[in-house]
Amino acid sequence: MGADAFGLMLGDPRLWSIVGLSLSISLSAVAVAALIGLPLGALLALTRFPGRNLAIVVLNALMGLPPVLVGLTIYLLLSRSGPLGAWGLLFTREAMIIAQAVLVTPIIAALTRQAVADLWEEYRDELTALHLGPMARAGALLWDARFRLVTAALAGFGRAAAEVGAVMIVGGNIDGFTRTMTTTIALETSKGDLPLAVALGLILMLVVLGVNGLVWVIARRGERNDGIIRSDPLRGA
Amino acid sequence: MRAPATDLPIRFDNVGFDIGGAPVLDQISFTLDGHGPTVLLGPNGAGKSTILRLAMSLAAPTRGRISWAARDAAQAERRAIVFQRPVMLRRSVAANLAFYLDRAQLNAPARAARIAQLLQQVGLADCARRPARQLSGGEQQRLALARALARDPEILFLDEPTASLDPAAAKSVEAILRDIAASGIKIVMATHDLGLARRLADDILFIARGRLVESAPARQFFEAPATEQGAQFLRGDLVL
């Protein structure tokens, strides 16, 4: 079975198409989640309003949101009789991206809030003395927290890539269209066709390992350099 | 020659400041004017840093009134402050300066030239690409001065600028402060370092236990302090 699995890994174009689809959906979901989660986290870190503490508790709790619950909720919203049924997104890649983005956004937002709040404690006097507006202040803090935020985004990617319940429900696991690594593993295992499942399992593990390796390298580089930007202001870049 | 400082004179009228109901400053009245360096002198915990923060509009007085060129509220566009332990942004030295220059709205070549000029001014021309947080304490203090100058201030507040530096680093910072003062920028510095105050100050505001005890030209204060508390401080005695 092991040899079959590796043979499939190298030769089956269907497998690589599944891998490609999985990665594109998860990366897109992380990008969407980052667009929402980074400003949301910074907002929660830097503003004071009634109910803020409750919002933080809820956000932290949402990091453990059950994927099947998210899948079910989005299914109900996107189904033909649901409030967003007219969009026609059910059983599409877009629906899978939405589902994964919903799962990942609280992770990125909560980790961003913590990172920005920590940095704000340190930078408060300097940035206050500059009398920056809230946007400029948040921008500066997000930029200087960038290594921690990359880690947050990769944590979100790990969650999205390993998730099966939500994408199964809203994507429908349609062969060649919405079938991802995790949904294929679940399907092939239930059918007793293990080589493809094992091959995908190995690739999924490699992806997770790669993600963790990337996090480690970025964090280490960040610690070593303690934050050097790539652009060079002396060259007017 | 620099244009006159638009926020001067800064006037404190019976200013008080409380933290948690406890007075940190009480009945402080003075006027900051002219271009010579003014030094807030006094022991630790006297309230010197709080005065700087109030003058910089980083806090509002609990009692009394502060005005900047007769205005009650003034955006600190022409004021800059260097804290005792300045925080270095997690960027290169040059990028730290670029951030502080952002509001100057210079085009890229002009900004690059200004960064190079500021680094030259504080003796950090060779450190432009180094991570700011890896600089030594003295270098970080000099970068903090360059960042403050990047805002083109008319008034520069300094909170114990040499307190945590070794003598060589303190000497280099002091030389930069002299140049800054000579350029026409009004320096207002809090320190408990008598030597630094003697060498730099034109005027002394002696603060103890949250009150302004004595205000005098520097020479007069050091040669013949008008108050017993001032004399005690100069002798190195405990100021009560």
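Start with H2(A) and H6(A): the two helices cross in a right-handed way (right-handed if the near helix is turned clockwise from the far one by less than a right angle, left-handed if anticlockwise). This is a predicted model, where local features need pLDDT of at least 70, side-chain atom pairs count only at pLDDT 80 or more, and totals for chains, interfaces and linings use all residues. Residues are numbered from 1 along each chain as its sequence is written, while chains are lettered from A and ligands numbered from 1 in the order in which they are written.

**Stop 1: H2(A) and H6(A).** Select residues 13-46 of chain A for H2(A). Helices are DSSP runs of H or I, at least four residues, numbered from the N terminus. The axes of H2(A) and H6(A) come within 10 Å and cross at roughly 110 degrees (axes are lines fitted to C-alpha atoms over the stretch in contact, with angles from 0 to 180 degrees between N-to-C directions). That makes H2(A) roughly perpendicular to H6(A) (65 to 115 degrees; under 35 is roughly parallel, over 145 roughly antiparallel, the rest oblique). Now show Leu38(A), Ala42(A) and Leu46(A) on H2(A), which make the contact with H6(A) residues including Pro134(A) and Arg137(A). Contact means C-beta atoms, placed from the backbone, within 7 Å.

**Stop 2: H5(A) and H6(A).** Select residues 134-144 of chain A for H6(A). The axes of H5(A) and H6(A) come within 10 Å and cross at roughly 125 degrees. These helices are therefore oblique to each other. On the H5(A) side, pick out Val116(A), Leu119(A), Trp120(A), Tyr123(A) and Leu127(A).

**Stop 3: the core.** The largest nonpolar core has 136 residues (buried Ala, Val, Leu, Ile, Met, Phe, Trp, Tyr and Cys joined through C-beta atoms within 7 Å). Helix H5 (residues 93-129) of chain A gives the largest share, 20 residues. Next, click Ile108(A), among the residues with the most contacts inside this core. Which residues does Ile108(A) touch? Leaving out residues up to four places away in sequence, they include Ala33(A), Leu38(A) and Ala152(A).

**Stop 4: H2(B).** Move to residues 93-101 of chain B. Nine of the nine residues of H2(B) are buried (20 or more other C-beta atoms within 10 Å of a residue's own, placed from the backbone; 12 or fewer is exposed, in between partly exposed). Asn96(B) and Phe99(B) are among them. They pack against H6 of chain A, and against H3 (108-121) and H4 (137-150) of chain B.

Technical notes
Two residues are in contact if their C-beta atoms, placed from the backbone, lie within 7 Å.
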